[in-house]
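Let's take a walk through this model, one residue neighbourhood at a time. Have the viewer open and follow along.

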Amino acid sequence: MARDAGARKVYFASAAPPVRFPNVYGIDMPSVEELVAHGRTEEEVGEESAPDRLIFQDLDDLISAVRKGNSKLNVFDCAVSPAST
């Protein structure tokens, strides 16, 4: 849509890691089939959405940033975007 509106370059930057799995605690989320990053690498997600550059937040960096805001936080639910994927 951005290109149709005349954009010469399109960048997609997410302040979160790619969401690959629904939340196991039942939070209202799309099904696994609806998650663009499920079963895909970041490169494959970029091919699907076709931006000039695709940038996702690294999970470890996100956790580090949250800890800087509140050093008492030690446990994080990372079930939707495991670092090993």
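**Starting at Pro17**

Leaving aside residues up to four places away in sequence, Pro17 touches Phe56, Gln57, Asp58, Leu59, Leu62 and Ser81, where a contact means heavy atoms within 4.5 Å. Before going further, a word on the ground rules: this is a predicted model, so local features need pLDDT of at least 70 and side-chain atom pairs count only at pLDDT 80 or more, while totals for chains, interfaces and linings use all residues. Residues are numbered from 1 along each chain as its sequence is written, and side-chain values use heavy atoms, with hydrogens and water left out.

Back to Pro17, then. You'll find Pro17 in the loop between S1 and H1; helices (H or I, at least four residues) and strands (E, at least two) are DSSP runs, numbered from the N terminus. With a relative accessibility of 9%, Pro17 counts as buried. The scale here runs from buried (under 20% relative accessible area) through partly exposed to exposed (over 50%), using a 1.4 Å probe and protein chains only. Look across from Pro17 to Ile55: the two are 38 residues apart in sequence, yet their C-alpha atoms are 9.0 Å apart in space.

Ile55 itself belongs to strand S2 and is partly exposed, at 34% relative accessible area. Its contacts, again without residues up to four places away in sequence, are Phe12, Ala13 and Ser14. Ile55 also pairs up in space with Pro18, at 9.6 Å from C-alpha to C-alpha across 37 residues of sequence.

Now zoom out. The protein has two helices and two strands, and from the N terminus on they run β-α-β-α. Among the contacts with a separation of 6 or more, 52% are between residues 24 or more positions apart. The radius of gyration of the protein is 15 Å, whereas a compact globule of 85 residues would have one near 12 Å; that radius is taken over C-alpha atoms, and the globule rule is 2.2 Å times the number of residues to the power 0.38. Along the principal axes, the C-alpha atoms fill a box of roughly 45 × 30 × 25 Å. Of the 85 residues, 18% count as buried. The protein exposes about 6500 Å², and carbon and sulfur atoms supply 52% of that area, computed by the Shrake-Rupley method with a 1.4 Å probe, where for residues only the protein chains shown count as cover.

On to the charges. Side chains of opposite charge can pair when their charged atoms come close. How many salt bridges does a search of the whole structure find? The search turns up two, a salt bridge being a side-chain nitrogen of Lys or Arg within 4 Å of a carboxyl oxygen of Asp or Glu. One of them joins Asp52 to Arg3, with the closest N and O atoms 3.2 Å apart. That pair links distant parts of the chain, 49 residues apart: Asp52 sits in the loop between H1 and strand S2 (53-56), and Arg3 in the segment before S1. Asp52 is partly exposed at 39% relative accessible area, and Arg3 is partly exposed at 38%. Glu48 and Arg40 also meet in a salt bridge, at 3.8 Å from N to O. Here Glu48 is exposed, with a relative accessible area of 54%, while Arg40 counts as partly exposed at 30%.

(Lys and Arg count as positive, Asp and Glu as negative; His and the chain ends are not counted.) The Arg20 side chain does reach the backbone oxygen of Ala37, at 3.4 Å.

Glu34 is found in the loop between S1 and H1 too, but counts as exposed at 56% relative accessibility. The side chain of Glu34 reaches the backbone nitrogen of Ser31 at 2.8 Å. Glu34 and Pro22 are twelve residues apart along the chain, and their C-alpha atoms are separated by 9.6 Å.

One last stop is Ala50, in the loop between H1 and S2. Ala50 has a positive phi of about 60° although it is not a glycine, and at 42% relative accessibility Ala50 counts as partly exposed.

Terms used: Polar contact = N/O pair within 3.5 Å; in protein donor to acceptor, adjacent residues only side chain to side chain.
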